[in-house]
Amino acid sequence: VQLQASGGGLVQAGGSLRLSCAASGRISTYTMGWFRQAPGKEREWVASINWTGARTYYPDSVKGRFTISRDNAKNTVSLQMTSLKVEDTAIYYCAGGDMTQVLLRLVDYWGQGTQVTVSS
């Protein structure tokens, strides 16, 4: 499965942005999620969603501001980001893994990144 992320851009602090991830194949049996990597920092998990879409998971740093969703019929995953902060600036990556990996500690598929820049 190949993953293609899009939707990044430049936004002011407090603004919103929606990222999309399109898969080349079926993702309905995979946990899907998003990671980000800021300059000089390690890649960080920011959201995941179970294979049915019924359960979502977030770290405290984005909980309440980011919302992940999926459309298995269209093989897409989205990340709605609101109340963006300067510290959310990073390259964001779409990812997929086994359905048991709800927190995506083990990733099988990575997409290319999309840059999100939040200005003050």
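Are Arg65 and Asp88 buried or exposed? In this predicted model, Arg65 is buried, as is Asp88, and the two side chains meet there in a salt bridge with an N to O distance of 2.7 Å. This pair links distant parts of the chain, since Arg65 sits in the loop between β6 (56–57) and β7 (66–71) while Asp88 sits in the loop between β8 (76–81) and β9, 23 residues apart. Through salt bridges that share partners, Arg65 and Asp88 are joined with Arg36 and Glu44 into one network.

The structure holds four salt bridges, and another one of them brings together the side chains of Asp60 and Lys63 at 3.5 Å, N to O; here Asp60 is exposed, with a relative accessible area of 67%.

A disulfide is a covalent bond between the sulfur atoms of two cysteines. A search of the whole structure finds one disulfide, which joins Cys21 to Cys94 with an S to S distance of 2.1 Å. Because Cys21 lies in strand β3 (residues 17–23) and Cys94 in strand β9 (residues 90–98), the pair ties together parts that are 73 residues apart in sequence. The torsion about the S-S bond of Cys21 and Cys94 is about -85 degrees, so the disulfide is left-handed. Cys21 is buried at a relative accessible area of 2%, and Cys94, at 0% relative accessibility, also counts as buried.

Terms used: Residues are numbered from 1 along each chain as its sequence is written. This is a predicted model: local features need pLDDT of at least 70, side-chain atom pairs count only at pLDDT 80 or more; totals for chains, interfaces and linings use all residues. Side-chain values use heavy atoms; hydrogens and water are left out. A disulfide is a pair of cysteine sulfur atoms within 2.5 Å. Helices (H or I, at least four residues) and strands (E, at least two) are DSSP runs, numbered from the N terminus. Buried means under 20% relative accessible area, exposed over 50%, partly exposed in between (1.4 Å probe, protein chains only).
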